[in-house]
Every structure is written in C-alpha cells, then in structure tokens.
Amino acid sequence: MSILVNNRTKVVVQGLTGSQGKFHAQKMKEYGTNIVAGVVPGRGGTEVDGTPVFDTVEEAIRQAGANASIVYVPPAYAADAVIESVDANLDLCVCITEGIPVKDMIKVKRLMKTSSSKTMLVGPNCPGVITPGECKMGIMPGEIHTAGTVGIISKSGTLTYEAVKQVSAFGYGQSTCIGIGGDPIIGLKYIDLLEMFQFDAQTECVVLIGEIGGQAEVKAGEWIKQNFNKPVVSFIAGQTAPKGKRMGHAGAIISGGDDTAAAKMKALEKCGVHVVQSPADIGKKVAEVLGK
Amino acid sequence: MDLHEFQAKGLLRNYGVPVPDGGVASTASDALRVAKELRGDAWVIKAQVHAGGRGKAGGVKVVNSFSDVYDVASHMLGMKIVTKQTGPEGKIVRRTLIEKATDIKQEIYLSFLVDRDSEQHMIIASAEGGMDIEEVAEKNPNAIVTERINPVTGMGLFLGRKIAKKIGLESSLLNKFADVANKIYNVFADFDGMMLEINPLVVTGDGDIVCLDAKMNVDENALYRHPKIEEMKDYGELEPQEVRASIFDLSYVSMDGNIGCMVNGAGLAMATMDIIKSFGGDPANFLDVGGGADVNKVREAFKIILTDPKVKVIFVNIFGGIVRCDLIAEGVLKGSDEVPSDRSIVVRLDGTNVEEGRRILEEGAAKTGLNIVTADTMADAAQKAVELAAGEDYNPEKKKTAAKAKE
C-alpha cells in the first residue's frame, strides 16, 4: 500500500508542450509513471514523444482513461487548469506551478469546498508526490527514493530530497513522499495526509518537515497528539529567519510571534513529536525511533 | 511587495476612501511648498519608509507654522529611522508626506489580510486604534473583532455594520463606516493585497471617517496583472544585493553574518542557515537560486555573494533535482571569474549530475587557483564553513553554548 498514487495511477499532463511539462513528462515516464495523455488547449490531436494530446481534461479521461493530472501551466493560467481538473472529477490533481496569486487559490479552494467533485489537490508550488517504485508525479529526482515504510510530508522541495536521502542512508525506504507546497493557500495539508498515513499499513513512521509562517504545523501537532498512533519525526526550517521578510516561499514569512520555527518546534515537542534541531539529524532520528 | 503610505493612500483616494489632503516632498523646500498649497494652520509630517512604529522613532511630527514645516522636514529627511521592524541598521528617510492635520475624535483599528486557516480574506477591527494591534492582542484580546469574507460575495455593507456594532461605534456612524470599510476592502481585493492596515481610521470632530495611515503589502505573484503597482516598487528600500537579486529573479534576503549561502530551494536555503547557526556560525544571507536556474542565474547569484563585503566564506549547498550540479559548478566558476576573490568556497553537491559537477569544480579550481573545499554531507559542509569563517578564533565550545542557550 501507499497513499495518493500507485501503479494504477494514470496521469494526464496539463501543459505538456511547455518546456517544463515536456521535460518532466519524459522524466516521469523514465521512472515508470503511467503517463496516458497531455492536455494543451488548441493542440488536441497532436502528440508529444508518443503521448496523445487533448484539448480538454474531460477528453483525456474519456479517451485515455486518465485518473490524475499534473499541472505545469504558467502561473496566470494555472488556477484555471486546476479548476478544469476539479470540474472533470479526477481523483487527484498535483499542481507544480510556482507563483500563482493567492487570490486565485482562494477561489479554487472555495470551489473545491462547495462542489461535489472528489478531486484532491496537492500544491501548488510543490515538488509533487512519489510512491517509490510505482509512480512519480512531480519533479523530484526519482533515483534517491527507495520503497519502504517512512512517509514524508513537507512544504519544501529540496529539503525533502535531503530528508529522503538521509532516511535512505539509514536503510529505510519511503511509502509515499508528498511536497504540499510553500504557498499560503494550498490543497491537501498536513492533517489530511496524516489521516491517510494513519490507515496505510505500509507506513510505520512519518517525517513532517515544516517552515516558518502560518499555524499548520502547530495544528498538525495537536491532531497528532489526539489521533495519530505512529511516531512522527519533525524539522522546522527557518530558525534563523528574520521577522517580516519573505524567505523565498510566499508563505514563509514570520508575521506574528507564534509562527517562528522555535515556537513551532516547542509546540510539536509538547505533542509528542520527535523534533530535531538540525536538518542533518532527520535520518538519524528516524532510525532511532524505528529502533534499528 | 510593500507600498509606501502615500502610494497606498493614492489607491484609497481613487476608490473614494477619505484620506487627508497631502503631498510628497523629498526636500525641505518642497515640504514648505506642499504645506503652503494645502493651507491651514497645522500639518503632519510623516517619514515615508517601509517600517511600522515610525511615530515612536520620530518619523511622525505635527507642526503649526510654515517655519516648523521647513525645519522639521529638513531634519527628518536624511535621518535614520530605527524601529523594531527595521532592525538596528534602520532606514534612511528620503521622502516625507505632508498632510493637513485632522481633528480626531475617535481612533479605530482596521485591517484586511489573508487568513490561511479559513482560506479567505479576513477583517480585523478594534476600537483601540492608534496602538500596535499585537499590543492590543496581548493586553485586551476581547477588544479585537475578526470576520471572514466570502470570496464569492465580497465584503458587503452588512459585514461593515456588523463590525461597527461589535467595536461599539455610534449608530449614526454605522452606514458611513460600512461604506468606507467596503471601499477599503475593494482596494485590498482588487490589487491582490496580502495585508492592508489602516491604523488609525479616525472619526473626525465633524463625524467623518478618515484614513490617517495606510500600510499595504501586495502579492508579488500577482504583480503581472498590476503593472502600475509594480512601478511603485521602491528599490531605495532594499540593500544593493537585494536589488541585484530582484533583477535576476532570485530570492535573496540580507543577514548580519559572514557566511554567504547559495542554495537551491527555499526550504533547504532556510535549513542551511539553521545548520550554520547550530555550528556556531552566522549566515550572511538567504539565497535561493530557484528551480529553473541556468548558468547565468547561478553566475549572477554567486556574484551577488562575492560582492557582499561582509562575506568571509561561501557555502554552496545544492541538492540537484531539476537544477543540475554540473550547471551549478559552471555558474560558480563563471561568477568567480568575473569577481576575483581569495575567499574559501565550501561546496556540497548532491543529486542530479553530481559527479560531473564535482569534476568541473575540481578542474576549475586547479586551473584558477580557487580555494574550493568539498564536503559530502550538509553537516560536514556547514562545520567546515563555520571553521573557515571563524579562522583562528574557531572554538568548538561555542557550538555547545549556542545549543544550550537555545534550550
């Protein structure tokens, strides 16, 4: 088992003809992901490296059997692309695009809350989702991952790779790794994914990587304390970040006093989470917790 | 992106929100001219810098004569404003806003922001205007009223009236407040605001509602659809390195330490700063070269670090995913070529094309005599960078003390 994606996931790439879409579709195919279609409005009927291109997501579902989409559409059009996937009722939409205005995401989330669509959204501004050995929907380097028992949830891309590498170095593979994205308004959040990991028999431990800004990590901690019965290892980036400055991610800005890294680490520790102070200790802590 | 008070007030004025008459002056004689045009017998002179808490730092003065306008403006222009938000280095005042003084009967706090939790816009209001909202939250949390705004319907007059009631405004002011609050919200929403704070919004002696201050932050990601707002960007508020970084679309934040960092990915960049700190060192900057970096971007990023005089050692931490290590190595060599330096460069490369990247760096270093130190892990690299930056002063005990202090 695993969560969100597996070897039955059939992916449609929205924005397949763009340089990013084309490059990463190729990489995903090489990894073994089942890419069944591309969607590029106005280019229906063509092909990119053997993958059929359709005008709409609905056609990609009907004619190619897609059940999940990945969005590489530029920021000005990305929210619309996500809405198209939601409207088409796909199981999953992973939005890689960075730089979508917050106001657009507020609209997307409102639509998702009020519509009857079952679509789950990961991102935007994220590296995507990978279930090692089965399906890679994203831009992460596939070769660093190995199948195993550790679930990883993170706001960051490269810091997730760092965690994967460390966990793998201690001999542990991953069940599913999810980059939830660094924006203020995102699709699936920590708690949504923890709920899924709770019921995933393959997952024995979860690594939760957070950063400054917002209250998501603290809320996750409270939820873990009440509901989660697997060990959680956590690192929060931005202990040295100054107040009021945006640290790359649109969401990574300390605005009050309780969204600092220190405050979040303390809150998580109180909830029984294994918090590491140094990003170099993530793998070691996982090994300690899983007791090998 | 932060707007100046006068810029935000300009937007509000265009939407029919009452703001005091005023004008911007960058010299004392300009200030005098503005005051004379405004007429009256009392004016407020306000320093235009991106920082809250200006009043306490001497950046807001009320004056009652033309000669005082001139004297106070000439003193304020060029002075350094130091507040909690600017840090110890402060901000130089290059412009002032001269406004007609307002007859204040009551001060209200009103702000709009993005609420991540409910994934909606949010209003915060309080009858205790003129004070820091953080202070009110601490001392009298019951005085703060919050409401969420439905993105489909917008704010609506009813929500304005509801807030007016909750903060205890007189009935005669309900409709007027609701109207002004809605217009302010429209500015916030139409221009993709992340935050718009009016503190204070005042009731005048004549019973009018006027915005005395305005602090606005706009979503950088939405600037493509607001070219006029983008033109308002004040590069004078940024460090020289930050200006260069913004030209090349790099995320850069200047810090006080001496270890320059070049990293890919915002999370890893923050974590790199953290690990430097955990070894007892201090980062000179946050720098994310981003996911789609090419050789030129890396070269420019590296030059920005090299031209920062406080940098003693450079720490390159790359986990190649989309960004290839060989391309990073080439960029580093090109940057060093253009800005010669004998500073040590600690390099940790991992991920895509790592061997190729290491080979390019080694060959480059052999040819140019660059002082490159390689490391396999993030921790190893951080330790080496901190040791090199400290030079002979390096004291491994400092790490322990720093860790202890944290506990």
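This report walks through some local features of chains A and B in a predicted model.

Local features need pLDDT of at least 70 and side-chain atom pairs count only at pLDDT 80 or more, while totals for chains, interfaces and linings use all residues. Residues are numbered from 1 along each chain as its sequence is written, chains are lettered from A and ligands numbered from 1 in the order in which they are written, and side-chain values use heavy atoms, with hydrogens and water left out.

**Domains and a helix pair in chain B**

Let us start with the domains. Chain B has domain 1 (1-20 + 103-237), domain 2 (21-101) and domain 3 (238-402); the bounds come from an automatic or database domain assignment. Taken over C-alpha atoms, the centres of domain 2 and domain 3 of chain B are 41 Å apart.

Helices (H or I, at least four residues) and strands (E, at least two) are DSSP runs, numbered from the N terminus. In chain B, helix H8 (residues 240-247) packs with helix H10 (residues 295-306) at an angle of about 175°, and their axes are 10 Å apart. Axes here are lines fitted to C-alpha atoms, for helices over the stretch in contact, and angles run from 0 to 180 degrees between N-to-C directions. H8(B) and H10(B) are therefore roughly antiparallel, a term for angles over 145 degrees. H8(B) contributes B:Gln241, B:Arg244 and B:Ala245 to the contact, and H10(B) contributes B:Glu300, B:Lys303 and B:Ile304; contact means heavy atoms within 4.5 Å.

**Two helices of chain A**

Now to chain A. In helix H2 (residues 57-64) of chain A, the buried residues are A:Val57, A:Ala60 and A:Ala64. Buried means under 20% relative accessible area, exposed over 50%, and partly exposed in between (1.4 Å probe, protein chains only). The buried residues of H2(A) fall within an arc of 65° seen down the axis, so they line one face of the helix; the arc is that of the directions from the helix axis to the C-beta atoms. On the face turned away from the buried side of H2(A) are the exposed residues A:Arg62 and A:Gln63. Strand S1 (10-14) and helix H3 (75-87) of chain A are among the elements covering the buried residues of H2(A).

Helix H9 (residues 282-290) of chain A has A:Ile282, A:Gly283, A:Val286, A:Ala287 and A:Leu290 buried. They cover an arc of only 135° around the axis, which puts them on the same side of H9(A). Their packing partners in chain A include helix H5 (158-169) and strand S12 (205-211).

**Backbone details**

| Residue | Phi |
|---|---|
| A:Gly65 | about 75° |
| A:Gly291 | about 70° |
| B:Asp249 | near 60° |
| B:Asn353 | about 55° |

B:Asp249 sits in the loop between H8 and strand S14 (251-254) of chain B and, at 63% relative accessibility, counts as exposed. B:Asn353 is in the loop between strand S18 (344-351) and helix H12 (354-368) of chain B; at 35% relative accessibility, B:Asn353 counts as partly exposed.

Cis peptide bonds come next. The bond from A:Gly123 to A:Pro124 is cis, with omega near 10°, and the bond from B:Asn199 to B:Pro200 is cis, with omega near 5°. A:Pro124 is found in the loop between S7 and S8 of chain A, whereas B:Pro200 lies in strand S11 (residues 193-204) of chain B.

Conventions:
Angles under 35 degrees count as roughly parallel, over 145 as roughly antiparallel, 65 to 115 as roughly perpendicular and the rest as oblique.
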